[in-house]
Amino acid sequence: MYARLAAIVTIREDVRNAHVAATFFLAEGLLLGMGNPLLDISAIVDHEFLKKYDLKSNNAILAEDKHKPLYDELINLYKADFIAGGSVQNTMRVAQWFLQKPKVATYMGCVGKDKYSEILEDKATRDGLNVRYQYTDQEPTGTCAVLITGKDRSLCANLAAANCFSLTHIEKLENKQLIDRAEYIYISGFFLTVSPESILAMAKHANETDKMFMMNLSAPFLCEFFSGPMLAAMPYVDILFGNETEADTFAKVNNFNTTDRKQIALKISEMEKINGKRKRIVVITQGAEAVLVAENGTVTEYPVVKLSEDKVVDTNGAGDAFVGGFLAQLVRRKDVETCVKCGIWAATQIVQRSGCTYEGKPSFQS
């Protein structure tokens, strides 16, 4: 009888310890993202519209003066949808969807003092994010035209207020406390055009406190025209994400002298790294082709789920969703294989919907 009671007590103690561990792993503020909060204006257009504004399908650029009229044109002439966007904000929202616990993820970026920022904050908060926007009265909230042609999408971002993010925001006591609390920090390459000094400040903080620092190549033009600040941040990066065109461009700009993506991934993983306690992991997605992961001198391929054409609605946000799924498992201390498989599952769900949206609870099984 006593042995039976002791066994019951032991089981209960194990359950309690497991619950405590799970709660610790999903502590509020565990994950922190920093990027450009944008209101996506999404519409189906034809190729003539892209040609009119000198845009390419499956590409991402920053808006120039010639692109400014297209936003009103989308709203007035097309059935445009308004969706809370911005690469990192999308990623944090997807991570929160998997974690199913509010405020595990904190998000920082700059917005205007207008109705669009109210919409963004409301949607992001309802998705579970702890939103810590910096507000400016110098510019309106940034917008991103999402131009859908068939299964492809072209992104044209007017950063506006997002460009106004400054170091002063992360130096505020209440925000500094949130940064101190975070164990995982993720910043998009898009942020290189806004505040490279903030990226370096966060990178150095992560290095000094042995936190996981992660970035995304985000777009080919960043690899080409912002290579200076990108390479300055690279020695601090523990995990680097990118897609096939970004990896190809990075290799070309940095004279890797190879077009073999496995070799490109390996070369990036072997670039200078300041924190020698762990090797850099490089994750390259390739659309419908296998995900490549370079780690510890080897490259592993992870097959993706190939959907039939009729199931693919919109590829916008697939990359953001992949990283969101990956990070949701990473903060749970899961292995890289589980992280990648969750990322693939997340991206597969998102491409079957318009924009980076989802519903219900995720059914991913590791």
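Before the details, a word on conventions: residues are numbered from 1 along each chain as its sequence is written. Because the model is predicted, local features need pLDDT of at least 70, side-chain atom pairs count only at pLDDT 80 or more, and totals for chains, interfaces and linings use all residues, while side-chain values use heavy atoms, with hydrogens and water left out.

Let me begin with the cysteines. If a disulfide is taken as a pair of cysteine sulfur atoms within 2.5 Å, then the structure holds zero disulfides. C144 takes part in none, and the nearest cysteine sulfur, which belongs to C156, is 7.3 Å away. C339 is likewise in no disulfide, the nearest cysteine sulfur being that of C342, at 7.8 Å. For burial I use relative accessible area, where buried means under 20%, exposed means over 50% and partly exposed is in between, with a 1.4 Å probe and protein chains only. On that scale C144 counts as buried at 6%, and C339 counts as buried at 0%.

T143 is buried, with a relative accessible area of 9%. With contact meaning heavy atoms within 4.5 Å, and with neighbours within four places in sequence left aside, T143 is in contact with L38, L39, I41, Y71, Y116, C156, A157 and N158.

The search runs on a 1 Å grid over the protein atoms alone: a cavity is a set of points where a 1.4 Å probe fits but cannot get out, a pocket is an open set with protein on both sides within 12 Å along at least five of seven lines, and lining residues have an atom within 4 Å of a point. Grid points are joined across faces, edges and corners, and a volume is the space filled by probe spheres set on the points.

How many cavities of 30 Å³ or more does this rule give? The count is one, and the largest cavity holds about 40 Å³ of space. Its lining consists of G189, M215, N216, L217, M230, M234, V237 and L240. In the classes used here, Ala, Val, Leu, Ile, Met, Phe, Trp, Tyr, Cys and Pro are nonpolar, Asp, Glu, Lys and Arg are charged, and the others, Gly among them, are polar. That lining then has six nonpolar, two polar and no charged residues.

The second largest pocket has about 320 Å³ of space. Its lining is made up of 17 residues, of which K56, N59, A60, I61 and F221 lie nearest its centre. The elements giving two or more residues to this lining are β3 (59-62), β8 (152-158) and α9 (220-225). By class, the lining of this pocket has eight nonpolar, four polar and five charged residues.

The loop between α2 (47-52) and β3 contains D54, and N58 is found in the loop between α2 and β3 as well. D54 has a positive phi of about 55° although it is not a glycine, and N58 has a positive phi of about 50°, also without being a glycine. D54 is exposed, at 56% relative accessible area, whereas N58 counts as partly exposed at 45%.

Helix α12, residues 261-269, has I264, A265, L266, I268 and S269 as its buried residues. These pack against β11 (239-243), α11 (244-253), β12 (281-286), β13 (289-295) and β14 (298-302). At the start of α12, a side-chain oxygen of D260 comes to within 2.9 Å of the backbone nitrogen of K262.

I finish with R333, which lies in the loop between α13 (318-330) and α14 (336-350) and counts as partly exposed at 36% relative accessibility. The C-alpha atoms of R333 and V351, 18 residues apart along the chain, are separated by 27 Å. The side chains of R333 and Y184 are joined by a polar contact of 3.3 Å, a polar contact being a pair of N or O atoms within 3.5 Å where, within protein, one must be able to donate a hydrogen and the other to accept it, and residues adjacent in sequence count only if both atoms are side-chain atoms.

Conventions: Helix = DSSP H or I, 4+ residues; strand = E, 2+ residues; numbered from the N terminus.
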